[in-house]
Amino acid sequence: MLPAGILESGSISVADPASSKKRVLESAARLLAGSDEEPGAEQIFERLLERERLGSTGLAGGVALPHARMPGISDSRGAFLRLSAAVDFDALDGQPVDLVFALLVPEEATEEHLQLLARLASMFNGADLRQRLREADGGEALAILT
């Protein structure tokens with residue numbers, strides 16, 4: 001489903017305790033930063049927040065796809081969070097969000113960025129996939145998404 005290397009087991013959080021949109025973005029930034037020194041979680045959070053200010057990345061069906069382009073990285077990376085309780089994310093359908101896929105792409109990768117977003121939106125549009133992810137543990141979520 002996703003290109004190889006975009007999502008790793010250490011970038012998945014199930015039953016994530018984030019209780020607001022800001023906390024979700026902070027959790028996503030930590031997962032996207034991983035063990036890399038640069039960029040750090042705070043820099044990634046600022047980029048995600050900056051993008052979110054342009055308009056909500058909350059879709060429909062309880063899904064949000066926060067994303068940003070980031071200088072200093074050479075490969076795209078993703079993080080998946082299943083929240084323990086849905087949060088208001090200003091989604092298109094007005095419903096709270098409990099499934100979040102955050103995406104970080106190299107700053108110059110405009111076309112790749114758009115292609116990955118389109119692919120993710122298409123994937124998460126499927127009610128069956130969303131239900132399977134709501135029931136999966138971390139390893140199962142990785143298998144479902146990759």
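A15 is found in strand 1. Helices (H or I, at least four residues) and strands (E, at least two) are DSSP runs, numbered from the N terminus. The model is predicted: local features need pLDDT of at least 70, side-chain atom pairs count only at pLDDT 80 or more, and totals for chains, interfaces and linings use all residues. Residues are numbered from 1 along each chain as its sequence is written, and side-chain values use heavy atoms, with hydrogens and water left out.

**Exercise 1. Describe the surroundings of S13 and V14.**

Solution. 
- Begin with S13. This residue lies in strand 1 (residues 12-16).
- S13 counts as buried, because its relative accessibility is 16%.
- Contact means heavy atoms within 4.5 Å. Not counting residues up to four places away in sequence, S13 touches L31, F80, L81 and R82.
- Check for a polar contact. This is a pair of N or O atoms within 3.5 Å; within protein, one must be able to donate a hydrogen and the other to accept it, and residues adjacent in sequence count only if both atoms are side-chain atoms.
- The side chains of S13 and D16 make such a contact, at 2.7 Å.
- Move on to V14, also placed in strand 1. V14 is partly exposed, with a relative accessible area of 29%.
- Leave aside neighbours within four places in sequence. V14 is then in contact with R82, A136, D137 and G138.

**Exercise 2. How many aromatic pairs are there, and where do the partners sit?**

Solution. 
- First, the rule. Rings of Phe, Tyr and Trp (its six-membered ring) pair if their centres lie within 6.5 Å; planes under 30 degrees apart count as stacked, over 60 as edge-to-face and the rest as tilted.
- The count comes to one aromatic pair.
- F101 and F124 form this tilted pair, with 6.3 Å from centre to centre and 50° between the planes.
- F101 belongs to strand 5 (residues 97-106) and F124 to helix 3 (residues 110-124); the pair links distant parts of the chain, 23 residues apart.
- Both F101 and F124 are buried.
- One more ring deserves a look. A charge sits over a ring if NZ of Lys or CZ of Arg is within 6 Å of the ring centre and within 35 degrees of the ring normal.
- K21 lies over the face of F89, at 5.1 Å from the ring centre.

**Exercise 3. Which strands pair with strand 5?**

Solution. 
- Two strands pair if DSSP finds at least two bridges between them.
- Take strand 2 (63-64). Strand 2 and strand 5 are parallel and share two bridges. V63 has L99 as its bridge partner in strand 5.
- Take strand 3 (residues 67-70). Four bridges join it to strand 5, again in parallel. Here A68 stands opposite L104.
- Take strand 4. Seven bridges join it to strand 5, and the two run antiparallel. R77 has L104 as its bridge partner.

**Exercise 4. Which residues of helix 4 are buried, and which exposed residues are on the face turned away?**

Solution. 
- Helix 4 spans residues 127-135, and L129, R130 and L133 are buried there.
- These residues lie on the same side of helix 4, because they cover an arc of only 100° around the axis (the arc is that of the directions from the helix axis to the C-beta atoms).
- An α-helix has 3.6 residues a turn, so residues three or four places apart point the same way.
- What covers the buried residues includes strand 2, strand 4, strand 5, helix 3 and helix 5 (138-145).
- On the face turned away from the buried side are the exposed residues D128 and E135.

Notes
Buried < 20%, exposed > 50% of the residue type's maximum accessible area, 1.4 Å probe, protein only.
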